[in-house]
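Here's a quick tour of the model you're about to see. Have your viewer ready and follow along.

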Amino acid sequence: MADQLIDKFNRVVDYIRISVTDRCDFRCVYCMAEDMTFAPRSEILSIEEITLIAQAFVELGVSKIRLTGGEPLVRKGVVDLVSNLSKLEGLQELNMTSNGSQLPTLASPLKAAGLDRLNISLDSLKADRFKALTRTGDLDTVIEGIKSAKNAGFKRIKLNAVILKGQNDDEIMDLIQFVRSNELDISFIEEMPLGQIDHHDRAQTFIDSAYIQEVIEKSYKLTAVDDVSGGPSRYWRFDDGHKSRIGFISPHSHNFCGSCNRVRITAKGKLLLCLGNEHSVDLKAVVRKYPNKLEPLKQVIREAMMIKPERHEFDLAQDVQILRFMNTTGG
Ligand code: SAM
Ligand code: SF4
């Protein structure tokens, strides 16, 4: 039988998320502080190193990879990376989460390089508010990016929206109308306490998925979809037959650790066994000690499964629990 990664709690790990850079052209208020220090380039995995690490995981049974960041599309060589990974035998899905800002130019090259699916983050449809929430982003460019992705042939594009009380909670239905009229899916994500931010008190802005669902159900009846996406989203569909799907990623209100099938690799090559815990293993040290060698990497990865924690514990009352920012973690 082919190799498979199984942790101490008998969960099969077949999905990895790779952060290809910690840098970003946005500074979203829930993700980053206004002033950020990024890792020096020498500490970031090269495109070849990322490819080798991904190959080791695929040979260990990983069938799905998501590229993320920071903003993956500001990383030089990202299209080449997609092209390398899409050729890995055994990989069934190669996806990316992006803020959309570079998609007007990169959507077609990414499709041609073999990227399967795109998630695009969008928290507001009001230009001034979008600018305020992202600190630097331009809404029109992101909307153009979404159109370019559709024109390039990407199917089932999914928006990710973080809804914050008092900031954008009046836009839930506008976002729903937007996905319905553009044939997109959407996931609403509960804010997580990752990184010390100065913009707002997370306990004050927190909105749970149940509230968002209630708002939507005032206008549309929803039915749960059984389909397992292999990610943390729970999906619903509109009863009126519309094709768009609505997902909820609820790290607080619906702990998803029991079915966790994923691990993360940071831009600096740390293998993070859990989003909400600090357990990690340094893969960069291995790949730099044994350049171009798969076996030492595979051995370290197999052993790492034994320290994957059972679950995360997020508590908004405690100010910051995980000092890593989401851009370092790889969302
Ligand atoms: N830059 C890309 C983007 O924004 O889509 C990819 C990386 S970003 C870290 C991945 C996802 O994490 C985004 O959808 C973002 O909204 C979400 N995110 C960032 N910080 C978060 C937080 N503190 N809580 C919940 N979601 C967060
Ligand atoms: Fe950048 Fe994505 Fe974080 Fe926003 S959520 S600052 S786009 S990494």
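## Around ligand 2

By class, the shell of ligand 2 has five nonpolar, two polar and one charged residues (Ala, Val, Leu, Ile, Met, Phe, Trp, Tyr, Cys and Pro count as nonpolar, Asp, Glu, Lys and Arg as charged, the others, Gly among them, as polar). Its members are Cys24, Phe26, Arg27, Cys28, Cys31, Met32, Gly70 and Asn99, where being near takes a heavy atom within 4 Å.

This is a predicted model: local features need pLDDT of at least 70, side-chain atom pairs count only at pLDDT 80 or more, and totals for chains, interfaces and linings use all residues. Residues are numbered from 1 along each chain as its sequence is written, chains are lettered from A and ligands numbered from 1 in the order written, and side-chain values use heavy atoms, leaving out hydrogens and water.

## Cysteines

Cys31 is buried at 14% relative accessible area, and Cys274 is buried at 10% (buried means under 20%, exposed over 50%, partly exposed in between, with a 1.4 Å probe and protein chains only). The structure holds zero disulfides, a disulfide being two cysteine sulfur atoms within 2.5 Å.
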